[in-house]
Amino acid sequence: MTLGEGKRKVYMLLDEYSSGGIVEQDPDLEAKMADFFDTAQKQLARLCPVVRTCQIPLVPGQTLYPPPEDLRCVLHLRRGGRAVRCRWRGGMLYIPGPGRETVELEYCAVPATLDGQTPDGYEFEISEDACQCMPFFVAAQQLAADLVSDAGTLLALYDRMTAALGQSAPGEDYRPRQGLYRG
């Protein structure tokens, strides 16, 4: 999903369409939209992690290496295909041993920050099923200050959708089966 597609869905949830079906963009809503999507994407990235890998070339005599700027947590550190324990010293990765090798770092990343300058063509970094939750969160945040409309309904839908994320493996339709009376 792109930022523009997400905004269109928010306008639909807020019923901001004219009688001809054309979005009537409200400058007040538009000014806050990217920031709310930023909050939603970063929150959902904790439930559905954005996994990245990078190569760290080792330098002889050096043991401390800066982590990637978007690192949230380390998943695996591998040297020559074998797992290496990850250690930290002063905010730097501590990787002892001989140089002239490359280690592979697999980590959970923090998605890029969205702001008012982010183009509508920006592709969200989280999974598609997590992206489908974001318009409900953003619409609820837009309505939070509105004394007439109730944001609780949209927020409840968002909560239910996020609770259902990651309950089954991709392509698997998980249903509990009773095993007591099998024939």
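Modeller: Contact here means that heavy atoms lie within 4.5 Å of each other. By that criterion, and not counting residues up to four places away in sequence, Thr162 touches Leu44, Leu47 and Cys133.

Biologist: What kind of model is this, and how are its residues numbered?

Modeller: It is a predicted model, in which local features need pLDDT of at least 70, side-chain atom pairs count only at pLDDT 80 or more, and totals for chains, interfaces and linings use all residues. Residues are numbered from 1 along each chain as its sequence is written, while side-chain values use heavy atoms, with hydrogens and water left out.

Biologist: How many helices and strands does the protein chain have?

Modeller: Helices (H or I, at least four residues) and strands (E, at least two) are DSSP runs numbered from the N terminus. The protein chain contains five helices and seven strands, in the sequence pattern α-α-β-β-β-β-β-β-β-α-α-α. Of its contacts with a separation of 6 or more, 72% join residues 24 or more positions apart.

Biologist: What share of the residues counts as buried?

Modeller: Buried means under 20% relative accessible area, exposed over 50%, and partly exposed in between (1.4 Å probe, protein chains only). In the protein chain, 33% of the 183 residues count as buried. Areas come from the Shrake-Rupley method with a 1.4 Å probe, and for residues only the protein chains shown count as cover. The accessible surface of the protein chain is about 11400 Å², with 51% belonging to carbon and sulfur atoms.

Biologist: Why is helix α4 described as largely enclosed?

Modeller: Nine of the ten residues of α4 (residues 134–143) are buried, so the helix is largely enclosed by the rest of the structure. Among the buried residues are Met134, Phe136, Phe137 and Leu143. Their cover includes α1 (3–13), α2 (27–47), α3 (128–131) and α5 (152–163). Helix α5 also holds Thr162, which is buried at a relative accessible area of 14%.

Biologist: What is the order of strands in the open sheet?

Modeller: Strands of a sheet pair through backbone hydrogen bonds, either parallel or antiparallel. Two strands are taken to pair if DSSP finds at least two bridges between them. The open sheet of four strands here runs β1-β7-β3-β4, with antiparallel pairing. Strands β1 (50–57) and β4 (82–83) stand at the edges with a single partner strand each, so one side of each lacks a neighbour in the sheet.

Biologist: Is Tyr65 buried or exposed, and what surrounds it?

Modeller: Tyr65, found in strand β2 (residues 64–65), is buried with a relative accessible area of 5%. Beyond its neighbours within four places in sequence, Tyr65 is in contact with Ile56, Pro57, Leu58, Val59, Met92, Leu93 and Ile95. The C-alpha atoms of Tyr65 and Ile95 are 7.5 Å apart, although 30 residues separate them along the chain.

Biologist: Which polar contacts does the side chain of Tyr65 make?

Modeller: A polar contact is a pair of N or O atoms within 3.5 Å; within protein, one must be able to donate a hydrogen and the other to accept it, and residues adjacent in sequence count only if both atoms are side-chain atoms. A polar atom of the Tyr65 side chain lies 2.9 Å from the backbone nitrogen of Val59. The side chain of Tyr65 also reaches the backbone oxygen of Gln62 at 3.1 Å.
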